[in-house]
Amino acid sequence: MPGFKGGCLCGSVRYECSAEPMMAAHCHCVDCRKSSGIGHCTHIVVPKEAFSVSGTVTFYDRPADSGNMVRRGFCPTCGSAVYSTNGGMPDIVLTGPHGVVQAAC
Ligand SMILES: [Zn+2]
Ligand SMILES: [Zn+2]
């Protein structure tokens with residue numbers, strides 16, 4: 001079965017994606033460096049309709065240099081980044097940062 005699952009450090013937020021990633025990339029912009037605490041964020045790009053989340057996610061909204069609103073979703077308990085969206089690309093979700101992707105957990 002294609003797709004993958006993941007979740008935050010404490011386990012209260014889980015996600016599932018029923019599709020294979022469309023692409024994966026590192027973003028080195030200033031916001032991603034500050035968000036991750038290291039030199040980049042790793043984004044796994046998936047179709048929005050294939051992505052589902054359980055648990056409570058807190059969002060931090062901040063416009064990118066392009067002017068599009070970027071929503072960064074994280075677990076309010078443990079702080080793990082779970083997924084983000086970009087207002088200029090409404091059909092996709094960016095997930096998988098910080099090693100939360102799990103093969104079969
Ligand atoms: Zn958590
Ligand atoms: Zn970035």
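The protein has one helix and ten strands, where helices (H or I, at least four residues) and strands (E, at least two) are DSSP runs numbered from the N terminus. Read from the N terminus on, the elements go β-β-β-α-β-β-β-β-β-β-β. The radius of gyration is 13 Å, close to the 13 Å that the globule rule gives for 105 residues, so the protein is as compact as a globular protein of that length; the radius is taken over C-alpha atoms, and the rule is 2.2 Å times the number of residues to the power 0.38. Along its principal axes, the C-alpha trace spans about 35 × 30 × 25 Å.

This is a predicted model, in which local features need pLDDT of at least 70 and side-chain atom pairs count only at pLDDT 80 or more, while totals for chains, interfaces and linings use all residues. Residues are numbered from 1 along each chain as its sequence is written, and chains are lettered from A and ligands numbered from 1 in the order in which they are written.

Now for the sheet. Six strands make up an open, antiparallel sheet, in the order β3-β4-β9-β8-β7-β6; two strands count as paired if DSSP finds at least two bridges between them. At the edges sit β3 (23–27) and β6 (58–63), each pairing on one side only. From one strand to the next, the twist averages 25°, with axes being lines fitted to C-alpha atoms and angles running from 0 to 180 degrees between N-to-C directions.

What about the inside? Buried residues (20 or more other C-beta atoms within 10 Å of their own, C-beta atoms being placed from the backbone; 12 or fewer is exposed, in between is partly exposed) make up 30% of the 105 residues. Leaving out residues up to four places away in sequence, Tyr-83 touches Tyr-15, Gly-73, Val-93, Leu-94 and Thr-95; contact here means C-beta atoms, placed from the backbone, within 7 Å.

Ile-38, in the loop between α1 (30–36) and β4 (41–47), is exposed, with 10 other C-beta atoms within 10 Å.

Key. Contact = placed C-beta atoms within 7 Å.
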